[in-house]
Amino acid sequence: MANEIDPDRTAFHFQPSKNWLNDPCGPLYYKGLYHFFYQYNPKGPLWGNIAWGHSVSTDLVNWEALDVALDCTDPFDINGCFTGSVTFVAGEPVILYTSYDDKKRQVQNIAFRKNVSDPLLREWTKPGYNPIMLPEGDIDPANFRDPSTGWFGQDGYWRAAVGANLEGRAEILLYKSLNFVNWERNEFPLHKSQNCGMWECPDFFPVSLSSKDGLDLDPSVNTGNIKHVLKVSLAETFQDYYLVGMYDEKKDVFVPDEGYEDDYKTWPMIDYGHIYASKSFFDGKKNRRILWAWVNESDSVADDVKRGWSGIQTFPRAIWLDTDAKQLIQWPIEEIKSLRKKQVQLCDFQLQSGARYEISGILTSQVDIEVEFELQSLEGAESLDNSYLLDPSKLCDEITPFDKGGIGPFGLFVLSSDINGAQEEHTAIYFRIYKISDRYMAFMCSDLKSSSRREGVTKPAYGAFVGVDISKDKRISLRTLIDHSVVESYGGGGRTCMTLRVYPKHVLTGQTSGLYVFNHGSQEVKIRELNAWEMAKARVNIENDDFISKEYI
Ligand code: DQQ
C-alpha cells in the first residue's frame, strides 16, 4: 500500500517499506554511519522467517534499507535468526544472536562481517563452529535467548548476558569468554527472580550519576560515579521493566538498589504504553546512550495483511539517570528538530475549568508538541486509595478525560474528530493530581476506548504515576510526538513515557484530525508555554533509495 493511501504509515518513525518488524537488535555507530539491525520477516507482514533487517543513516532520522544481514541459512539457525546484539571486539563489530536450530533448541551464535573494508557492514559470515552457547543443564531449551551487548572486564574476560528460564524462574545468565568465541556460563546469574517466568532481551548498561552523557560498556573506564541499569522484557506482561543498582565486576553480580522487591509490579517501566524488547547503545559520536523499542500493532491481523506491513520503532530516545539516581529520563534525540516545520506557540495561557482549545494552523497528524502546565495550588486534589499505586492502569480505565476532577484532567486531545459528535474519535493523554496518604502525586493516563471506530482494534487503558515532586514544582510538562498511527508521550520531562498505537478511521475519510489542549478539572490551570511543530516526512527505508550507499560505491 503506498503511503498516500495508507493512513497508518508513519512519517518519521522507523519502519521497513513493507513486511513485519519486531525487536531492535544491534544499533551501533561506526565510521560516520548509524546502523540499525532489527527482527524482520522478508517474506510477509506477519511474524515468521525471522531474519535481521538492516538500515543505515547519517542522522538517525533518515534511513536507507540495505539487504538482510542475517538470514536462516544454516542448520544452527534454520528456524529463525532471533534477537541479539553487536559488540565492538578489538574495534570490529561482531554479532551475537539467538537462533532456533534444526533440533528446535534456542542456541546462541556468532557472526563476523565478511568484508572488513565495507563501512556499510553489508555481508556477514556465520562460522561453521556455531552454536557457541547451548541450553545445557537446567536451562529450558525453549527459553534461552537474546544475548546482550558484550562488555570487557579488567580481568581480561568478555561478558554477555542471556535471558533464560530455569525450572520455572527467570534468570539473566552471565557468560564469560577470553576470545569472544568460546563462552562459559558463570556459576551465578547476573540476576534472577522467582516471580517471573521469562525475561527476554536483557539490556545492561552503566549510567553516570553526575551527567546526562552516556557511558560505554567498558568497566575499566567506568569507575567511580556510576550505577548500572538492568532492563528486562517480561514475556508474561509484554512490558519492559528496569532496575537501577550496582554492578560488582569482581564478584560478577548486579545488586539492585534498596527498595526493589522481587515483584515486577513495583519496578519502573521503560514505557507505560505499548512498547517491547527495547535495546540501547552507546553513541560515541555524541557521547550519549540511545534507546529503541518495538511498537507492535494493535489492530487486526487482517488489517496488517491488507496493509502489507506491521510494527514500527519508537523514535530514538536519549536516555540517562535522573538526579534522584532512581529513575531514567528519556527524551527524543535532538536530531528530531531537523523535521520541525511550521510552529504554533502559546505563552501564559489560562485554561479555565472546562476549557478545550484547538491548536490550529498546522497539519495535526504529524506533530511534535511540548506543553508546560502550571497549577495554582494543590488543595483541590482528590484523595485516592493507595491500592492504585500498584495498578495505575486500573485507575485510568475507571476514569475518563471528560470527568470533572479536582485538579485535572488536563492535557491533550490528539487525532480527534468531531468530539462529542456522531463520528467521535479522540485520544486523550492527560494528568490528574491526587492525594495519596498525605502525598500529592501526578497521575498520567491514556485510555484508547475512543481512539478508533475501526473494528478489531485493541483499546487498553494505560496509567502511571509520574516521578516528579508536584508539591514542590507545581508544574508538569507533556511532550507528545503524533505520527499517524503512533502517539508517543513523555510526561514530567521524560520521566514517564507512554506510547500508543491508534487507528483513527476518520482521518481515512478526510475528516480533520484535531489537536486540542484541555482542562476538565474544577481548578484553572495555566499553560506557561506550549510549542507545537508540524513535522516533515523523513526519508525512511524507501524502496530502491540509495542516497547513503551510493557514496560508498
Ligand atoms: N522476539 C525475538 C526473540 C525475543 C522476542 C524473536 C521478543 O528473540 O525474545 O523475534 O520480542
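Me: Which residue in strand 38 stands opposite leucine 351?

Reply: This is a predicted model, in which local features need pLDDT of at least 70, side-chain atom pairs count only at pLDDT 80 or more, and totals for chains, interfaces and linings use all residues. Residues are numbered from 1 along each chain as its sequence is written, and side-chain values use heavy atoms, with hydrogens and water left out. Strands (E, at least two residues) and helices (H or I, at least four residues) are DSSP runs, numbered from the N terminus. In strand 38, the residue opposite leucine 351 is valine 525.

Me: Over how many bridges do strand 26 and strand 38 pair?

Reply: Two strands pair if DSSP finds at least two bridges between them. Strand 28 is paired with strand 38 in the antiparallel sense over 9 bridges, and isoleucine 369 there has alanine 532 of strand 38 as its bridge partner. For strand 26 and strand 38, the sense is antiparallel and the number of bridges is 9.

Me: Why is strand 38 largely enclosed by the rest of the structure?

Reply: A residue is buried under 20% relative accessible area, exposed over 50% and partly exposed in between (1.4 Å probe, protein chains only). Strand 38 covers residues 525-535. It is largely enclosed because, of its 11 residues, the number buried is 8.

Me: Which residue meets aspartate 368 in a salt bridge?

Reply: A salt bridge is a side-chain nitrogen of Lys or Arg within 4 Å of a carboxyl oxygen of Asp or Glu. Aspartate 368 belongs to strand 28 (residues 366-375) and its partner to strand 26 (residues 340-351), so the pair ties together parts 28 residues apart in sequence. At 3.0 Å, N to O, the partner is arginine 340.

Me: How many residues apart in sequence are the parts that glutamate 297 and arginine 501 tie together?

Reply: The closest N and O atoms of this salt bridge are 2.8 Å apart, and both residues are buried. Glutamate 297 sits in the loop between strand 21 (288-295) and helix 1 (301-307), whereas arginine 501 is in strand 36 (residues 496-501), so the separation in residues is 204.

Me: How many salt bridges does a search of the whole structure find?

Reply: One of them joins the side chains of aspartate 283 and arginine 288 at 2.8 Å, N to O, and both residues are buried. For the whole structure, the search gives 49.

Me: Which side chain does a polar contact join to that of histidine 54?

Reply: Histidine 54 is placed in strand 4 (residues 51-57). Its relative accessibility is 1%, so it counts as buried. At 2.9 Å, its contact partner is the side chain of histidine 35.

Note on methods
Polar contact = N/O pair within 3.5 Å; in protein donor to acceptor, adjacent residues only side chain to side chain.
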